[in-house]
Amino acid sequence: MALPFLSSQTRRLDQIIAIDLGARTTKAVHLQRKGNSLNFLGYALQDAPAYEKGLSPQLLGEHLGAINQALGGRTKQVVLAVGVGDSLVRHAELPLVPAADMRVMLKFNSKSYLQQDLPDHAFDCYIIPPRSGVKPDSAKTAQKCTVLVGGAKRQLIDDWQTAAKNAGLIPEQIVPSLIGPPNAFEMAKADVFNKEVVALVDIGFKHSSITILLNGELMLSRVVGIGGDRLTNGVAEALGVSYAEAEGIKVGLPDEVQSTMVTLLAPLGRELRASVDFFEHQQDKPVTQVFVSGGSARSDYIVQILQTELMVPCTSWNPTTFLNMALPPQQMGEVDQIAPQLSVVIGAALASL
């Protein structure tokens, strides 16, 4: 699945770097297509630049250049993922017309189709095929179709293009980060993706997202303004320790903070449960499993607390399992530990390969 606000591709790429510009940590991967398989050549995790809204293209370009060098600087083609706080992914009913015409319709009349005025936004559309597999007649332009719409501010897209070029990179695509976990999950757990009703929860720094998949179709997506930052701050306040110490405690989770973590996670659990309830009511189908990614998913106890709140089996998952490992030796021993943080960026890379 791809919803690129920018796409300069004219051919299938044989390798790509993808960068997920998180609010606290920037994640990046380098993938290479070789025959019918994909090689995992490297990854990088670096602190995101400290800034309020409006990091200049020059400073962002310096950051992107440093990330590329950390990956070895072996390719210039890059995909950038726009975080869930700066992008949107929505379902909409649109006339069955070419995607270029859909983008124009959304640009000038977003409120009619998305129930929200979104001036100065860039959009892209992905037409969801009918579940029966029968494609509608494209000649019937008046017919409605269900479309997945991605959107982000045009200025942000322009600034990111400039930043990438300043770093000596070629921006192939800019995509909403919310499509990353479903893309990676489809490859990592193909049977579950195609045959079950599951929810993917990605716990980011400031936001968490939930997407619900029904036999491979993205049926619902929602962003919640609760992330790992709130959990870490809560642990820091409860124990009277620094933010950095609290971050390590949060993942290790000794006994003395487990009750605190239950309290901190309850609001997120309620919001996620509300999304599951809404889907189950609308579709009359139960969500059978929840798969959790993001930095907080490295803690088994956090995943267990979410399972108690959601009343559905929850587990963390590894988005690298379908890749051929061609990592540098020093990264081979660490990849399993940091893998839950890579679901967005691996999925973004897959959108272009």
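**A sheet, a helix and some aromatic rings**

Let me begin with two strands, β10 (residues 197-203) and β11 (residues 208-214), which run antiparallel and are joined by 7 bridges. Within this pairing, Val-197 stands opposite Leu-214 in β11. Please keep in mind that what we are looking at is a predicted model.

These two strands belong to an open sheet of 5 strands, whose order is β12-β11-β10-β13-β14 and whose pairing is mixed. At the edges stand β12 (217-224) and β14 (314-316), and because each has a single partner strand, one side of each is left without a neighbour in the sheet. From one strand to the next, the twist averages 20°.

Now, what lies across β10, β11, β12 and β13? It is helix α4, residues 180-188, and this helix runs at about 125° to β10.

I would like to turn to the aromatic rings, of which the structure holds 3 pairs. In the pair of Phe-40 and Tyr-43, the ring centres are 6.2 Å apart and the planes are at 35°, so this pair is tilted. Phe-40 counts as buried because its relative accessibility is 0%, and Tyr-43, at 6% relative accessibility, counts as buried too.

In the pair of Phe-185 and Trp-317, the centres are 5.3 Å apart and the planes are at 85°, so this pair is edge-to-face. It links distant parts of the chain, since Phe-185 sits in helix α4 and Trp-317 in the loop between β14 and β15 (324-325), 132 residues apart. Both Phe-185 and Trp-317 are buried, and together with Phe-291 they form one aromatic cluster.

Note on methods
Residues are numbered from 1 along each chain as its sequence is written. This is a predicted model: local features need pLDDT of at least 70, side-chain atom pairs count only at pLDDT 80 or more; totals for chains, interfaces and linings use all residues. Side-chain values use heavy atoms; hydrogens and water are left out. Two strands pair if DSSP finds at least two bridges between them. Helices (H or I, at least four residues) and strands (E, at least two) are DSSP runs, numbered from the N terminus. Axes are lines fitted to C-alpha atoms, for helices over the stretch in contact, and angles run from 0 to 180 degrees between N-to-C directions. Contact means heavy atoms within 4.5 Å. Rings of Phe, Tyr and Trp (its six-membered ring) pair if their centres lie within 6.5 Å; planes under 30 degrees apart count as stacked, over 60 as edge-to-face and the rest as tilted. Buried means under 20% relative accessible area, exposed over 50%, partly exposed in between (1.4 Å probe, protein chains only).
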